[in-house]
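Keep the sequence and the model in view while reading.

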Amino acid sequence: MTQATTPVATPKAPSLKSRATAIFAAKLVERSQGLFASNKEFRSATLVAMETELSVSRASASTMYNTAKKEA
């Protein structure tokens, strides 16, 4: 006698890309509120947030920033 097993769906953890996109979107809202004096300041703050929250290098954060910018 065999029992039918039902696969249990386990939720996936959010990817780094999706988390980076969320960080970019949050910083974009701050930018629309006038919290950044220039685009350079906006980019720098966004990169620092991605580096610290996602524990990635500056190069990785830059790639994630550029991808999120294209998607926005």
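The structure holds three salt bridges; a salt bridge is a side-chain nitrogen of Lys or Arg within 4 Å of a carboxyl oxygen of Asp or Glu. This is a predicted model: local features need pLDDT of at least 70, side-chain atom pairs count only at pLDDT 80 or more, and totals for chains, interfaces and linings use all residues. Residues are numbered from 1 along each chain as its sequence is written, and side-chain values use heavy atoms, with hydrogens and water left out.

- Glutamate 71 and lysine 17 pair through their side chains, at 3.1 Å from N to O.
- Glutamate 71 lies in helix α3 (residues 58-71) and lysine 17 in helix α1 (residues 16-32), so the bridge ties together parts that are 54 residues apart in sequence.
- Helices here are DSSP runs (H or I, at least four residues), numbered from the N terminus.
- Glutamate 71 is partly exposed at 45% relative accessibility, and lysine 17 is partly exposed at 46%.
- The accessibility classes are buried (under 20% relative accessible area), exposed (over 50%) and partly exposed (in between), with a 1.4 Å probe and protein chains only.

- Glutamate 30 bridges to lysine 27, with the closest N and O atoms 3.5 Å apart.
- The two residues are three apart in helix α1, so about one helical turn separates glutamate 30 from lysine 27.
- Lysine 27 is buried at 17% relative accessibility, whereas glutamate 30 is partly exposed at 27%.

**Salt bridge of glutamate 51 and arginine 58**
- The side chains of glutamate 51 and arginine 58 meet at 2.2 Å, N to O.
- Glutamate 51 is partly exposed, with a relative accessible area of 21%.
- Arginine 58 is also partly exposed, at 41% relative accessibility.

**Packing of α2 on α3**
- Helix α2 (residues 39-54) packs against α3 at an angle of about 120°, and their axes are 9 Å apart.
- Axes are lines fitted to C-alpha atoms over the stretch in contact, and angles run from 0 to 180 degrees between N-to-C directions.
- α2 is therefore oblique to α3; angles under 35 degrees count as roughly parallel, over 145 as roughly antiparallel, 65 to 115 as roughly perpendicular and the rest as oblique.
- Residues of α2 in contact (heavy atoms within 4.5 Å) with α3 include Phe42, Leu47, Met50 and Glu51.
- On the α3 side, Arg58, Ala61, Met64 and Tyr65 are among the residues that meet α2.
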